Amino acid sequence: MQLNANKKPQGQYGIIGWPLGHTKSPLLHNWGLKESSLPGVYVPWPTEPAKLKAFMAEARARHIRGVSVTIPHKQAVMPYLDGLTDRARAVGAVNTLFWREGKLMGDNTDVLGIVKPLLDRKDGLKTALVLGAGGAARAACAALSELGVPDIAVANRTAAKATALAVDFGLRAVPWEERAGSPWSLVVNTTPLGMLGEHQNESPWPSDGFAGVGLVFDFVYNPVRTRLMAEAQEAGVACLSGLSMFLHQGLAQFELWTGKKLDERRARQVLMADMALTGG
Ligand code: NAP
């Protein structure tokens, strides 16, 4: 484990994943710590699966204040915890470790990251289609269920995974080829199509298939405006960016760890400024 022995344990935060790749979480949380005049540092801890057990033992021994958890550890960390929040239990995966009354707990703030940007539109959400059936899709299904959307469907390239996810959440599966056939009040993209890199010029939705669609929520946040969003906006459809999800899941983590609420507008500006610099 790469925990820095010279840092005060109570001020240590970080993110585990493998491969960790580039993450904006250190930017957000280190800004938050500075902004709140709190001591400490948030660092990347690239942790291969074989070293997860050792990481968890050390995180516990050193009482590491807060850990963000990303692929491939979101389910694998669960047996090492003392308890789960309702949201983590609903998703069946954890993206945040935090301490409560001496217990090491797991939460899933991705759900809140999805709920928050949709809250003031929830009355208009009658039908929602989730594209993809991986971890982010599970969080989307939990969030849309929590919001009380009456008709939620899942479509995935590999049909069996859409069916399994739909069964888990009591929803319905739609064949991938028929995804654009209905007037969805909300379409959620949880596939990596549109993401910087090999998928950047791709979209999970046909450009002529926006008739009747009310809102698009693209979980991809780098770039902030994806091809899906550009085409939806050209068709007059409102869009939410994955940056909103990233921001809100991060603000919720920060509050769990420190008890402090960060200013949403300023935090967004910090992320946007960095995206502009890095070409996102
Ligand atoms: P995952 O578990 O690997 O799931 C990826 C899903 O995308 C699978 O259902 C997969 O379908 C589908 N997919 C992959 N390539 C595809 C393609 N070429 N065409 C059609 N479908 C394809 O990944 P995840 O953890 O759910 O994350 C998915 C995305 O969500 C990430 O890429 C990231 O951009 C985004 N995300 C954003 C945030 C945020 O804060 N904004 C947080 C978490 C995730 P198959 O089952 O057929 O393979």
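Colleague: Is Ser244 buried or exposed?

Modeller: The general idea is a threshold on relative accessible area: buried means under 20%, exposed over 50%, and partly exposed in between, computed with a 1.4 Å probe on protein chains only. Ser244 counts as buried because its relative accessible area is 8%. Ser244 lies in helix H8, where helices (H or I, at least four residues) and strands (E, at least two) are DSSP runs, numbered from the N terminus. This is a predicted model, in which local features need pLDDT of at least 70 and side-chain atom pairs count only at pLDDT 80 or more, while totals for chains, interfaces and linings use all residues. Residues are numbered from 1 along each chain as its sequence is written, and side-chain values use heavy atoms, with hydrogens and water left out.

Colleague: With which residues is Ser244 in contact, leaving aside its neighbours within four places in sequence?

Modeller: Contact means heavy atoms within 4.5 Å. On that basis Ser244 is in contact with Gly113, Pro117 and Arg268, once its neighbours within four places in sequence are left aside.

Colleague: How many aromatic pairs does the structure hold, and what is the geometry of the pair formed by Tyr13 and Trp257?

Modeller: Rings of Phe, Tyr and Trp (its six-membered ring) pair if their centres lie within 6.5 Å; planes under 30 degrees apart count as stacked, over 60 as edge-to-face and the rest as tilted. The structure holds six aromatic pairs. In one of them, Tyr13 and Trp257 are tilted, at 5.6 Å centre to centre and with 40° between the planes. This pair links distant parts of the chain, since Tyr13 is in strand S1 (residues 12–17) and Trp257 is in helix H8 (residues 242–258), 244 residues apart. Both Tyr13 and Trp257 are buried. Phe217 and Phe219 form an edge-to-face pair, with 5.1 Å centre to centre and 75° between the planes. Phe217 is buried, with a relative accessible area of 0%, and Phe219 is also buried, at 9%. Ring pairs also link Tyr13, Tyr42 and Trp257 into a cluster.

Colleague: Where does the charged end of Arg179 sit?

Modeller: A charge sits over a ring if NZ of Lys or CZ of Arg is within 6 Å of the ring centre and within 35 degrees of the ring normal. Here the charged end of Arg179 sits over the ring of Trp176, 4.1 Å from its centre.

Colleague: At what angle do helix H5 and helix H6 pack, and is their crossing left-handed or right-handed?

Modeller: Axes are lines fitted to C-alpha atoms, for helices over the stretch in contact, and angles run from 0 to 180 degrees between N-to-C directions. Helix H5 (residues 135–146) and helix H6 (residues 159–169) pack at about 35°, with their axes 11 Å apart. A crossing is left-handed if the near helix is turned anticlockwise from the far one by less than a right angle, and right-handed if clockwise; that of H5 and H6 is right-handed. From H5, Ala137, Arg138, Cys141, Ala142 and Ser145 meet Leu165, Asp168 and Phe169 of H6.

Colleague: Which backbone features deserve a look?

Modeller: Most residues other than glycine have a negative phi, and most peptide bonds are trans. Ser37, although not a glycine, has a positive phi of about 55°; Ser37 is placed in the loop between H1 and strand S2 (41–46), and is exposed, with a relative accessible area of 65%. Glu101, likewise not a glycine, has a positive phi of about 50°; Glu101 is found in the loop between strand S5 (96–100) and strand S6 (103–107), and is exposed at 83% relative accessible area.

Colleague: Which residues are joined by a cis peptide bond with omega of about -15°?

Modeller: Trp18 and Pro19 are joined by that cis bond, and Pro19 has its place in the loop between S1 and helix H1 (25–35). A cis peptide bond with omega of about 10° joins Ile71 and Pro72, with Pro72 in the loop between strand S3 (66–69) and strand S4 (83–84).
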